[in-house]
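Please look over the sequence and the model first, then read the points below.

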2 protein chains.
Amino acid sequence: MGLVKTEIFSDEQNEIALFAKVFGHPARIAILQHLFKINTCVCGDLVSEIRLAQPTISQHLKELKYLGLIKGTVEGTRVCYCINPENWARMKHVFFQFLEQDIVDADCC
Amino acid sequence: MGLVKTEIFSDEQNEIALFAKVFGHPARIAILQHLFKINTCVCGDLVSEIRLAQPTISQHLKELKYLGLIKGTVEGTRVCYCINPENWARMKHVFFQFLEQDIVDADCC
DNA sequence: TTGTTTCATTGCAATATTACGATTAATAAT
DNA sequence: ATTATTAATCGTAATATTGCAATGAAACAA
């Protein structure tokens, strides 16, 4: 065990969970917030902004990139990371659809 | 290591991450969707609905309850679980504020 | 009382995640 | 060419998560 039984859930449920999982760490929230604030960014910026070691930041960036929420462009010795607008929008759509469910009848029990 | 350095992040960042983490498993998404569908529910329902063992479901319910997203009321030998409207609304507020950020200038690099 | 039902808890094995030092790879600067 | 800078990768230790069998607790039914 220790591994998720994804096969027993719907694609939608798995997709929501995957997006949520990447948001499940404050460092990745901080990275995204910083990327939104200064619309362009390099990894070094984040290392001084967030007090985590460079390999740790790099690893978090990798996960965000894997989900497609950010993209990185090599610029000399630096890598410029920024939000991937298309996938950010898609993620929002998936998430909103789930979150916007509302309670039909207030308290049931 | 293996533990998150929450102390270096803001309360807001930690709160978003905590809510996201609980959504980071398809079983918990499935539980919430089911609770929304049939506005009242017992654990046994979920065990037959979701093909996971009873202790596993119970554990997922516990996490959702800990975050305050659901509440359980004992009814004889059964426990009636349902969405906690107040905290669900609060979670939505926190999440929307984060998600609704939008890209100011399309592609930066 | 003796079972039965329903759900929580415990204990454990398997796997995943987090964090970072050390190293590597690639470009830039001297 | 040599050195500096930047960021990825590797390896590893510590901790967290997932899942379930076994067991326990509490209310109900006979």
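**The surface near DNA strand D**

The surface near DNA strand D is made up of 13 nonpolar, 13 polar and 3 charged residues. In this classification, Ala, Val, Leu, Ile, Met, Phe, Trp, Tyr, Cys and Pro are nonpolar, Asp, Glu, Lys and Arg are charged, and the others, Gly among them, are polar. The model is predicted: local features need pLDDT of at least 70 and side-chain atom pairs count only at pLDDT 80 or more, while totals for chains, interfaces and linings use all residues. Residues are numbered from 1 along each chain as its sequence is written, and chains are lettered from A and ligands numbered from 1 in the order in which they are written.

- Of the 29 residues around DNA strand D, those that come nearest are Met1(A), Val42(A), Gly44(A), Pro55(A) and Gly2(B). A residue is near a strand or molecule if its C-beta atom, placed from the backbone, lies within 6 Å of it.
- At least two residues each are supplied by helix 3 (43-49), helix 4 and strand 3 of chain A, together with helix 4 of chain B. Helices (H or I, at least four residues) and strands (E, at least two) are DSSP runs, numbered from the N terminus.
- Helix 4 of chain A gives the most to this surface, with 5 residues.

**The surface near DNA strand C**

- Around DNA strand C there are 29 residues, of which Gly2(A), Met1(B), Val42(B), Gly44(B) and Pro55(B) come nearest.
- Two or more residues each come from helix 4 of chain A and from helix 3 (43-49), helix 4 (54-66) and strand 3 (78-83) of chain B.
- Helix 4 of chain B provides the largest share of this surface, 5 residues.
- By residue class, the surface near DNA strand C holds 13 nonpolar, 13 polar and 3 charged residues.

**How the two chains are related**

- The same surface serves both copies, as 100% of the contact residues of chain B recur in chain A.
- The contact takes 38 residues from chain B and 38 residues from chain A. Two residues are in contact if their C-beta atoms, placed from the backbone, lie within 7 Å.
- On the side of chain B that touches chain A, at least two residues each come from helix 1 (11-22), helix 2, strand 2, strand 3 and helix 5 (85-99) of chain B. Helix 1 of chain B supplies the largest share, 6 residues.
- The residues on this side of chain B divide into 23 nonpolar, 9 polar and 6 charged.

**The sheet of chain B**

- In chain B, 3 strands form an open antiparallel sheet in the order 1-3-2. Strand 1 (41-42) and strand 2 of chain B stand at the edges with a single partner strand each, so one side of each has no neighbour in the sheet.
- Strand 2 (residues 70-75) and strand 3 of chain B run antiparallel and are joined by 6 bridges; two strands pair if DSSP finds at least two bridges between them. Ile70(B) stands opposite Ile83(B) in strand 3 of chain B.
- The hairpin of strand 2 and strand 3 of chain B has 2 residues between the strands, and Gly76(B) takes a positive phi near 70° there.
- Strand 1 of chain B is joined to strand 3 of chain B by 2 bridges, and Cys41(B) has Tyr81(B) as its bridge partner in strand 3 of chain B.

**Helix packing in chain B**

- The axes of helix 2 (residues 26-37) and helix 4 of chain B come within 10 Å and cross at roughly 75°. That makes helix 2 of chain B roughly perpendicular to helix 4 of chain B. Angles under 35 degrees count as roughly parallel, over 145 as roughly antiparallel, 65 to 115 as roughly perpendicular and the rest as oblique. Axes are lines fitted to C-alpha atoms, for helices over the stretch in contact, with angles from 0 to 180 degrees between N-to-C directions.
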